[in-house]
Amino acid sequence: MTRHVDLRSDTVTQPTPEMREAMARAVVGDDGFGDDPTVRALEERFAEVVGKESALFVPSGVMGNQIAVRILTRPGDVIVAGKSQHVVSFEMGASARNASVQFALVEDSSGELGVDDVMEVVESEKDHQVAVAMVTVENTHMSAGGAPWDIEHLRTLARALGEKPLHMDGARLFNAAVATGESPRDIAASATTVMACLSKGLCAPVGSLLAGPTELMRAARVERKRLGGAMRQVGVLAAAGLVALDTMVERLAEDHARARRLGELFASAFPESGYDPATCRTNIVAVNHPQARQIVHELGQRGVWGDTIAPRRMRFVTHADVSDDDIDFVAEVLTHFTPAS
Ligand SMILES: *Cc1c(COP(=O)(O)O)cnc(C)c1O
């Protein structure tokens, strides 16, 4: 087989040897009865890391978001969200299906939500409009090219919201922390509930966590059961998650450095895209191009695997299984590349 570099997503990462060993050794029990000590250790550890009272291990990031939606809303409520957030555009309409809620969408092309835009919707409650149950932010923001929120902006939004719940889709919270130098705890402090994925840049095979106040997490446990996400001897997965939190966070900086280089390569290969590599602050290069779909297809044939996330937007993601040498290979491919038109 010809060489390829898989930049489709950071979810393609393989568990590390240390994870596989920890999984083999894990002490487990029936988590449905709260009997799995490894799961409990992971939940306590994550709660500590993000500075929340309590946490819940869930099978996927989508389920983490969906549980947050179900515990913070009632049917008919409005959620204020960015137009291109995962919970809006990449969860197959799950929030409508699972929780019978609707979204009020605000501009988020930078990855951040404007405080005035959000408050405009929130305040319209007082003008005979439907109740806003919660606001969601995504940090880092995937489709904005892995953009991390500015922590002061986040604090300003949280202050403006007062008691109104704020959910943070922190699928890549640790990328945000590494990129901004802020602690996950400080970043999550503005949010009522926070979700983070272990299965992306942190390389665990499966699993995400949702954290928040104990009362809410009690309700979250019930919703997880309702959604079919309560698992049994799942300490085998939690064991890998503990290794992920212990050993895989700092190294995200390497992914960010490689993504920046990748961004520079794409900017010079496709100057017509107007892509500015300085906007690449974490591990995602997202480039607008009229021929995005075709470029992804043709680069794929040459061994550079990416994906599209919108009709004219392509995405390439760095992760632990991408080396400097792999980026050299991409550079080589791009040097000779022009899409057949
Ligand atoms: C990947 C992702 C999710 C969902 O995670 P899964 O584990 O794939 O279900 C949620 N939000 C964002 C921003 C993501 O990138």
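# Reading a predicted model

Tutor: Cysteine 203 is found in the loop between strand 7 (193-197) and strand 8 (208-212). Keep in mind that this is a predicted model.

Student: Is cysteine 203 buried or exposed?

Tutor: Under 20% relative accessible area means buried. Cysteine 203 has 1% relative accessibility, so cysteine 203 counts as buried.

Student: What is the phi of cysteine 203?

Tutor: The general idea comes before the case. Most residues other than glycine have a negative phi, and most peptide bonds are trans. In cysteine 203, phi is positive, near 75 degrees. Serine 100 is another non-glycine residue with a positive phi, near 50 degrees. Serine 100 sits in the loop between helix 5 (94-99) and strand 4 (102-106). At 42% relative accessibility, serine 100 is partly exposed.

Student: Which glycine follows helix 13?

Tutor: Glycine 303 does, and its phi is positive, near 100 degrees.

Student: Which peptide bond is cis?

Tutor: Look at the bond from asparagine 139 to threonine 140. That bond is cis, with omega near 0 degrees. Threonine 140 is in the loop between strand 5 (132-138) and helix 7 (151-161).

Student: Now salt bridges. How many are counted?

Tutor: Here is the idea. Side chains of opposite charge can pair when their charged atoms come close. In this model the count is 20 salt bridges. One of them joins aspartate 326 and arginine 3, at 2.7 Å from N to O. The two residues are 323 residues apart, with aspartate 326 in helix 14 and arginine 3 in the segment before strand 1 (5-6). Aspartate 326 is buried at 13% relative accessible area, while arginine 3 is partly exposed at 35%. Arg3, Asp325 and Asp326 also form a salt-bridge network.

Student: Which residue forms a salt bridge with lysine 164?

Tutor: Glutamate 125 does, with the closest N and O atoms 2.8 Å apart. Lysine 164 is in the loop between helix 7 and strand 6 (166-170), and glutamate 125 is in the loop between helix 6 and strand 5, so the pair ties together parts 39 residues apart in sequence.

Student: Where do arginine 258 and glutamate 254 lie?

Tutor: Start with helix geometry. An α-helix has 3.6 residues a turn, so residues three or four places apart point the same way. Arginine 258 and glutamate 254 both lie in helix 12, four residues apart, about one turn. They form a salt bridge, with the closest N and O atoms 3.7 Å apart. Arginine 258 is buried at 14% relative accessibility, and glutamate 254 is partly exposed at 41%.

Student: Which residues form a negative surface patch?

Tutor: Asp116, Asp117, Glu120, Glu123 and Asp127 form it. Aspartate 116 lies in helix 6 (residues 115-123). Over 50% relative accessible area means exposed, and aspartate 116 has 64%. Methionine 119 also lies in helix 6, but methionine 119 is buried at 13%.

Student: Which residues of helix 13 are buried?

Tutor: Ala292, Ile295, Val296, Glu298 and Leu299 are. Their cover includes helix 12 (252-269) and helix 14 (324-335). Strands 10, 11 and 12 are also included in that cover.

Student: One last residue. Where is histidine 319?

Tutor: Histidine 319 is in the loop between strand 12 and helix 14. At 2% relative accessibility, histidine 319 is buried. Leaving out residues up to four places away in sequence, histidine 319 touches Asp6, Ser9, Asp10, Val12, Thr13, Arg251 and Asp255.

Definitions and conventions. Residues are numbered from 1 along each chain as its sequence is written. This is a predicted model: local features need pLDDT of at least 70, side-chain atom pairs count only at pLDDT 80 or more; totals for chains, interfaces and linings use all residues. Side-chain values use heavy atoms; hydrogens and water are left out. Patches are made of residues with over 30% relative accessible area and no salt bridge: like charges are joined within 9 Å, nonpolar side chains (Val, Leu, Ile, Met, Phe, Trp, Tyr) within 5 Å. Accessible areas come from the Shrake-Rupley method with a 1.4 Å probe; for residues, only the protein chains shown count as cover. A salt bridge is a side-chain nitrogen of Lys or Arg within 4 Å of a carboxyl oxygen of Asp or Glu. Lys and Arg count as positive and Asp and Glu as negative; His and the chain ends are not counted. The place of a charge is taken as NZ of Lys, CZ of Arg, CG of Asp or CD of Glu. Buried means under 20% relative accessible area, exposed over 50%, partly exposed in between (1.4 Å probe, protein chains only). Contact means heavy atoms within 4.5 Å.
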